[in-house]
Amino acid sequence: MKKTVYTIVIVAVVLMGCPVAHAEDNPVTKLGRGLMNVTTAVFELPKHVVDTSKEDGIATGAAKGTFDGIAALLLRGLVGVYEVATFPVAVPEGYAPVIDSQVFGE
């Protein structure tokens, strides 16, 4: 397990220094975006519960926020898996993001 974590960290550091990684839309960007979506998807659930609770109250946040969070978690996770699996292919055209960041309220 430690070897896997170290390998991921080393690859991430190397990619950060790579000039291609800083370009806007390319396979490396798509791969990074996909990995970020996969790893951060779990944070959608508490984010939606807290945000909905602040706007509409605790009871609504616990109910509606939970369902919205699960939907966002699944969407972000599945899109991340898709982008990681298809990062070498220019689909959508020009390696564009599959979903807009506004979907997640960012």
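**Exercise 1. In which segment is Pro 92 found, and what is the geometry of the peptide bond from Val 91 to Pro 92?**

Step 1. Pro 92 is found in the segment after H4, where helices are DSSP runs (H or I, at least four residues) and strands are DSSP runs (E, at least two), numbered from the N terminus. This is a predicted model, in which local features need pLDDT of at least 70 and side-chain atom pairs count only at pLDDT 80 or more, while totals for chains, interfaces and linings use all residues. Residues are numbered from 1 along each chain as its sequence is written, and side-chain values use heavy atoms, with hydrogens and water left out.

Step 2. The peptide bond from Val 91 to Pro 92 is cis, with omega near -10 degrees.

Step 3. Tyr 95 also has its place in the segment after H4, and although Tyr 95 is not a glycine, its phi is positive, at about 60 degrees. As background, most residues other than glycine have a negative phi, and most peptide bonds are trans.

Step 4. Tyr 95 is buried because its relative accessible area is 16%, the cut-offs being under 20% for buried, over 50% for exposed and in between for partly exposed (1.4 Å probe, protein chains only).

**Exercise 2. At what angle do H2 and H4 pack, and are the two helices roughly parallel or roughly antiparallel to each other?**

Step 1. The angle is about 150 degrees and the axes are 7 Å apart, where axes are lines fitted to C-alpha atoms, for helices over the stretch in contact, and angles run from 0 to 180 degrees between N-to-C directions.

Step 2. H2 and H4 are therefore roughly antiparallel, since angles under 35 degrees count as roughly parallel, over 145 as roughly antiparallel, 65 to 115 as roughly perpendicular and the rest as oblique.

Step 3. On the H2 side the residues making this contact include Lys 30, Leu 31, Arg 33, Gly 34 and Asn 37, and on the H4 side they include Arg 76, Gly 77, Val 79, Gly 80 and Glu 83.

Step 4. Lys 30, Leu 31, Arg 33, Gly 34 and Asn 37 are among the buried residues of H2, and the buried residues of H4 include Arg 76, Gly 77, Val 79, Gly 80 and Glu 83.

**Exercise 3. Where does Asn 26 lie, and is Asn 26 buried or exposed?**

Step 1. Asn 26 lies in the loop between helix H1 (2–17) and H2.

Step 2. With a relative accessible area of 8%, Asn 26 is buried.

Step 3. The C-alpha atoms of Asn 26 and Ala 90 are separated by 8.0 Å, although these residues are 64 residues apart along the chain.

Notes:
Contact = heavy atoms within 4.5 Å.
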